[in-house]
Amino acid sequence: MRTLDKRLAPHLKIAPVLVKRAPTLTLAFDERRRSRLAATLDNGEEIALLLPRGTVLRDGDVLVADDGGLVRIVAKPEAVLLVRANDALTLTRAAYHLGNRHTPVEVGTDYLKLEYDPVLADMLARIGATVEQVSLPFQPEAGAYGGGHKHGHDETFAEDYALAQQVFGEHHGHEHAGSHSHEHDHGHDHGDHTHDDCCGHAHHPHHHAHR
């Protein structure tokens, strides 16, 4: 059994004749986002998919097998909701409500497409959109299924959170220091300070008479 373990980068140019001759692997969206999969090529050959975690395959992607052979990915038609509207505002509202639910959505110039869900179909109809159940290939925006939204149980969440805290701390610390900077012209240097309070304000051991 051959193993497909590499995806060619989109910018790499391959002779069209080689891609055309390559056997195809037709997969639905749920299968294309699985990095480990036992599957059957359209020519009947059984293969194993072994790709880096987080890989999501798209229609037209070219994979390389462990023997150097090429395989072309085809997005399989599946049950989806095709969403349209008579005006841009309604379509934008539909996208907004779907985004709030972290629903994978394919965005077109005049349509939205999502996996079939009768509850979402009803919600979209209520806001004035036209919803049709059809069978089409489904290729949602990348941010909806990888890299864009993280939960507390994701492996990289702790790293991302720590980085965010560091950036916030640096930014907040700079603003804090700037907002509390003072001009002193009391004829002494900062060596006269005896201690600082918790907020970074210096206290002086002597008082100055102000006129």
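This is a predicted model: local features need pLDDT of at least 70, side-chain atom pairs count only at pLDDT 80 or more; totals for chains, interfaces and linings use all residues.
Strands here are DSSP runs of E with at least two residues, helices are runs of H or I with at least four, and both are numbered from the N terminus. Two strands count as paired if DSSP finds at least two bridges between them. In general, strands of a sheet pair through backbone hydrogen bonds, either parallel or antiparallel.

Six strands make up an open sheet with mixed pairing, in the order 2-6-5-1-4-3. Its edges are strand 2 (24–27) and strand 3 (36–40), each of which pairs on one side only. From one strand to the next, the twist averages 35°; angles run from 0 to 180 degrees between N-to-C directions, and axes are lines fitted to C-alpha atoms, for helices over the stretch in contact.

| Strands | Sense | Bridges |
|---|---|---|
| strand 1 (residues 2–7) and strand 5 (residues 62–65) | antiparallel | three bridges |
| strand 5 and strand 6 (residues 70–75) | antiparallel | three bridges |
| strand 2 and strand 6 | parallel | four bridges |

Back to Val64: over in strand 6, its bridge partner is Leu70. The hairpin of strand 5 and strand 6 has four residues between the strands, and Gly68 takes a positive phi near 90° there. On the other pairing of strand 6, Arg72 has Thr24 standing opposite.

How are the faces of these strands covered? Buried means under 20% relative accessible area, exposed means over 50%, and partly exposed is in between (1.4 Å probe, protein chains only). Strand 5 is covered on both faces, with Val62 and Val64 buried on one side and Leu63 and Ala65 buried on the other. Strand 6 has a covered face of Val71, Ile73 and Ala75, and an uncovered one of Leu70, Arg72 and Val74.

Four strands form another open sheet, in the order 8-9-7-10 and with antiparallel pairing. Strand 8 (105–107) and strand 10 (130–136) are the edge strands, each pairing on one side only. Ignoring direction, neighbouring strands of this sheet are turned by 30° against each other on average. Strand 7 and strand 9 (residues 112–115) run antiparallel and are joined by four bridges, with Leu81 standing opposite Leu114 in strand 9.

Helix 3 packs on this sheet, touching strand 7, strand 8 and strand 9, and its direction makes about 30° with that of strand 9. Helix 4 packs on the sheet too, touching strand 7, strand 9 and strand 10, at about 140° to the direction of strand 10. Contact, by the way, means heavy atoms within 4.5 Å.

The two helices also meet each other: helix 3 (residues 88–100) and helix 4 (residues 118–126) pack at an angle of about 145°, with axes 10 Å apart. Ala94, His97 and Leu98 of helix 3 make the contact with Leu120, Met123 and Leu124 of helix 4.

**Val83**

Val83 lies in strand 7 (residues 78–84) and is buried, with a relative accessible area of 0%. Leaving out residues up to four places away in sequence, Val83 touches Leu91, Asp110, Tyr111, Leu112, Leu114, Leu124, Ala129 and Thr130. C-alpha to C-alpha, Val83 and Val131 are 4.7 Å apart in space, yet 48 residues apart in sequence.

Key. Residues are numbered from 1 along each chain as its sequence is written. Side-chain values use heavy atoms; hydrogens and water are left out.
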